[in-house]
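Student: I have a model open and would like to go through it with you. Can we start with the overall picture and then look at some residues?

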Amino acid sequence: MRLTWWKITAIVLLVYAVIGGLLLPVPELSQLGETIRNLYYHVCMWFAMMILFTISIAQSIKYLRTGLIEHDIKASSYAGVGTYLGLLGYATGAIWASFTWADPNNPAFASFGSIMREPKLIGAAIALLIYGAYFILRSSITDMDQRARVSAVYNIFAYAMLFPSIWIIPRLLPSLHPGQEGNPALNFNDIDARMRMVFYPAVIGWAFLGIWIATLKIRHKILLEQKWFAHEK
Amino acid sequence: MKNKLIAFIVSMGIFGAKAQGSTTNDTMASLMRSNGKIYVVVAVVLTILLGLIAYLIRLDRKISKLEKES
């Protein structure tokens, strides 16, 4: 068991994110109410996803430079956990939106049909589908080196597509989703100081948890590879 | 494995005993009932989080053991 400093940091920060996130005071806003606390969980999923995808593309570039299969294993594992966190972010966003944007009990709110046309939701769905295609592409090629090379190149394309689909296009169109005029969660003047105290540690905690799960996947896959090669000899 | 099972059963017994004896007004019970009972939610979410982390640590240990063997 390798219980390194960052695994302990992840545990401590996540325990803090749950206790502090549920108990510490937050600004009172009419439409959000206590759901503003979702910033510590829903938004963190997307931040952690972005961090994991960044590690994944770095490993893909490393693979293309060195040709070591180890980097391909790392790239696909980080992309897998990142996609999973993105799906969790999507699911939690759907729950959040159904009580703050499109509550059928409140006639002042938007309808479900109109929130389905949210550019941010469509952009996030496109980004996740592009990463979904990454895994389909990988599993469709049986030759190991070819699979690694093709999927490394595709991974760079998928990462590049994140920027128009979740960062640029949603900001050019009108949207209910926050984040129109910049980065509301990152901007020091925009996010409440009390929330910053929990939000930033929570992002680091969730990202480290994602990295932890990915490293377990990587070590498992490397073990399988070794077993396979031992069997071949 | 057997020891772990026994430890689990014993700890469940302790939790059960605590749940039944919670009518007494000790500080823990009054804390759990204050402020719209939000502390109960904190306890539940923490239990799930720590359970998941314990699972991850167990997986990590198992993989480390396999790595040593190979």
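Student: What kind of model is this, and what secondary structure does chain A have?
Tutor: It is a predicted model. Chain A has seven helices and zero strands. Read from the N terminus, its elements run α-α-α-α-α-α-α.

Student: And chain B, how many helices and strands there?
Tutor: Chain B comes to three helices and zero strands, in the order α-α-α from the N terminus.

Student: How much of each chain counts as buried?
Tutor: In chain A, 45% of the 233 residues count as buried. In chain B the figure is 14% of 70 residues.

Student: What about accessible surface?
Tutor: Chain A has about 12300 Å² of accessible surface, with 68% of that belonging to carbon and sulfur atoms. Chain B exposes about 5700 Å², and carbon and sulfur atoms supply 70%.

Student: Back to the fold of chain A. Of the contacts between residues at least 6 apart in sequence, what share joins residues at least 24 apart?
Tutor: That share is 72%.

Student: Now the interface. How many residues are in contact on each side?
Tutor: On the chain B side there are 19 residues, and they are in contact with 18 residues of chain A. The two chains bury about 1800 Å² between them, 80% of it on carbon and sulfur atoms.

Student: How many salt bridges and polar contacts go across?
Tutor: The rule finds three salt bridges across the interface of chain B and chain A. It also finds five residue pairs in polar contact there. By class, the side of chain B that touches chain A has 14 nonpolar, two polar and three charged residues.

Student: Which residue does A:Lys7 meet in a salt bridge?
Tutor: A:Lys7 meets B:Asp60, at 2.8 Å from N to O. This pair crosses between chains, with A:Lys7 in helix 1 of chain A and B:Asp60 in helix 3 of chain B, residues 38–69.

Student: Are those two buried or exposed?
Tutor: A:Lys7 is buried, and B:Asp60 is buried too.

Student: What does A:Arg219 pair with?
Tutor: A:Arg219 forms a salt bridge with B:Glu67, and their closest N and O atoms are 3.1 Å apart. A:Lys7, A:Arg219, B:Asp60 and B:Glu67 are linked in a network of salt bridges.

Student: Why do such pairs form in general?
Tutor: Side chains of opposite charge can pair when their charged atoms come close.

Student: How many salt bridges over all chains?
Tutor: The count comes to six by this rule. One of the pairs is A:Arg37 with A:Glu34, with 2.7 Å between the closest N and O atoms.

Student: Buried or exposed, those two?
Tutor: A:Arg37 counts as buried because its relative accessibility is 11%, under the 20% cut-off. A:Glu34 is at 54%, so it counts as exposed, the cut-off there being over 50%.

Student: What about A:Glu70, which residue is its salt-bridge partner?
Tutor: A:Glu70 forms a salt bridge with A:Lys74, and the closest N and O atoms are 3.1 Å apart. The two are separated by about one helical turn because they are four residues apart in helix 3 of chain A. A:Glu70 is partly exposed at 36% relative accessibility, and A:Lys74 is partly exposed at 21%.

Student: Why does A:Asp72 count as buried?
Tutor: Because its relative accessibility is 4%, and buried means under 20%.

Student: Last one, A:Val18. Where does it lie?
Tutor: A:Val18 lies in helix 1 of chain A, residues 5–23. At 4% relative accessibility, A:Val18 counts as buried.

Student: Which residues is A:Val18 in contact with, beyond its neighbours within four places in sequence?
Tutor: In chain A there is A:Tyr41, and from chain B there are B:Val42, B:Val45, B:Leu46 and B:Leu49.

Student: And what separates the C-alpha atoms of A:Val18 and A:Arg37?
Tutor: Those C-alpha atoms are separated by 10.0 Å, with the two residues 19 apart along the chain.

Conventions. Residues numbered from 1 in each chain as written. Chains lettered and ligands numbered in written order. Heavy atoms only, no water. Buried < 20%, exposed > 50% of the residue type's maximum accessible area, 1.4 Å probe, protein only. Contact = heavy atoms within 4.5 Å. Areas by Shrake-Rupley, 256 points an atom, 1.4 Å probe, with all protein chains shown as cover. Buried area = accessible area lost by both parts, 1.4 Å probe. Salt bridge = Lys/Arg side-chain N within 4 Å of Asp/Glu carboxyl O. Polar contact = N/O pair within 3.5 Å; in protein donor to acceptor, adjacent residues only side chain to side chain. Nonpolar A, V, L, I, M, F, W, Y, C, P; charged D, E, K, R; others polar.
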